[in-house]
Amino acid sequence: MIPYDLTKIRGLAFDVDGVLSPSTIPLSPEGLPTRMVNIKDGYALQLAVKCGLHLAIITGGNTRAIQVRFEALGITEIYQGAAHKLPVLEAWMEKYSLSPEEVLYMGDDIPDLKPMRAVGLPTAPYDAASEVRQTALYTSRFSGGYGCVRDVVEQVLKAQNHWLAEGKAFGW
C-alpha cells in the first residue's frame with residue numbers, strides 16, 4: 001500500500017523507458033529503439049483518463065511509437081525529447097493548477113530525481129536505480145514495463161472509488 005492520502009492525487013506523470021517499458025530496449029536493424037508495453041498498464045492509464053485525472057508522459061525518448069501508444073489511451077500531454085524533465089513537469093502542473101501534493105510521479109533513473117523531488121508522491125519501479133528508490137515514497141513490487149504503472153494507478157483509483165466503477169471500468 002502506498003503510504004499517502006491518495007484521494008489528494010489529481011495528476012500522474014510517468015517516464016517511459018524503465019517505467020512504462022522495460023529497461024532493456026531492442027534496436028531495429030536501422031538502430032532505432034523499439035519498446036514493449038504492458039497491456040495492464042495501458043488499461044489502468046486509459047481508465048484514469050476516463051475518471052478525470054490529469055496524465056502526463058515525460059520522456060527523453062522521441063519516437064512516433066510513443067506518441068501513437070499513449071494517444072490511443074487518451075493521454076494528450078505527451079512530452080518527448082525532454083532532456084531536463086523538471087521544467088516540463090512544472091509547466092504541466094501549472095497548466096492544470098496542480099499543487100505538488102496532488103501529483104504522483106514515477107521514474108526509474110537519475111534524470112527522474114529532480115521531478116520526483118518536486119511532487120508529493122514520488123514513486124519508482126522495483127528495478128529503479130538505488131538513488132531513485134531512496135527518493136521514492138513508494139517503490140512498486142513490479143519492475144518497469146511489468147506492471148509498476150498499473151500498481152500505482154490502481155491504488156489511486158481504488159482510493160478514489162473509481163476502480164471497477166460501472167460505466168467506466170468495463171470497456172476500452
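How many residues does the largest nonpolar core have, and which of them have the most contacts inside it? The core has 34 residues, and L12, F14, L20, L45, F70, V149 and V153 have the most contacts inside it. The model is predicted, so local features need pLDDT of at least 70 and side-chain atom pairs count only at pLDDT 80 or more, while totals for chains, interfaces and linings use all residues. Residues are numbered from 1 along each chain as its sequence is written, and side-chain values use heavy atoms, with hydrogens and water left out.

**Nonpolar cores**

- A nonpolar core is here a set of buried Ala, Val, Leu, Ile, Met, Phe, Trp, Tyr and Cys residues joined through side-chain atoms within 4.5 Å; buried means under 20% relative accessible area, exposed over 50% and partly exposed in between, with a 1.4 Å probe and protein chains only.
- At least two residues of the 34-residue core come from each of β1, α1, β2, α2, β4 and α6 (148-159). Helices (H or I, at least four residues) and strands (E, at least two) are DSSP runs, numbered from the N terminus.
- Helix α6 gives the most to this core, with 6 residues.
- L45 is in contact (heavy atoms within 4.5 Å) with F14, L20, L55, F70, L73, I75, V149 and V153, leaving aside its neighbours within four places in sequence.
- A second, separate core has 19 residues, including I58, W92, V103 and A124.
- In soluble globular proteins, nonpolar side chains tend to be buried together.

**Helix α2**

- Helix α2 covers residues 64-72, and I66, Q67 and F70 are buried in it.
- These buried residues fall within an arc of 100 degrees when seen down the axis of α2, so they line one face of the helix. The arc is that of the directions from the helix axis to the C-beta atoms.
- R64, A65 and A72 are exposed on the other side of α2.
- The cover over the buried residues of α2 includes α1 (39-50), β2 and β3.
- G74 follows α2 and has a positive phi, near 90 degrees.

**Helix α3**

- In helix α3 (residues 85-95), the buried residues are K85, V88, L89, W92 and M93.
- Down the axis of α3, its buried residues fall within an arc of 135 degrees, so they line one face of the helix.
- E94 and K95 are exposed on the other side of α3.
- The buried residues of α3 pack against β1 (11-14), β2 (54-58), β3 (77-79), β4 (103-106) and α4 (113-117).

**Positive phi outside glycine**

- S97 is not a glycine, yet has a positive phi of about 50 degrees. S97 lies in the loop between α3 and β4 and is exposed, with a relative accessible area of 58%.
- N161, also a residue other than glycine, has a positive phi near 60 degrees. N161 belongs to the segment after α6 and is exposed, at 66% relative accessible area.

**Contacts across the chain**

- L6 is found in the segment before β1 and is buried, with a relative accessible area of 6%.
- Not counting residues up to four places away in sequence, L6 touches L121, Q155, V156, A159 and Q160.
- L6 and Y138 are 132 residues apart along the chain, and their C-alpha atoms are separated by 12 Å.
- S143 is in the loop between β6 (138-139) and α6 and counts as partly exposed, at 22% relative accessibility.
- Leaving aside its neighbours within four places in sequence, S143 is in contact with P125, Y126, D127 and C148.

**Largest pocket**

- The largest pocket holds about 190 Å³ of space. A pocket is an open set of points on a 1 Å grid over the protein atoms alone, where a 1.4 Å probe fits and protein lies on both sides within 12 Å along at least five of seven lines; grid points are joined across faces, edges and corners, and a volume is the space filled by probe spheres set on the points.
- This pocket is lined by 14 residues, and T34, R35, T63, A65 and I66 are the closest to its centre. Lining residues have an atom within 4 Å of a point.
- The lining has 9 nonpolar, 3 polar and 2 charged residues. Ala, Val, Leu, Ile, Met, Phe, Trp, Tyr, Cys and Pro count as nonpolar, Asp, Glu, Lys and Arg as charged, and the others, Gly among them, as polar.
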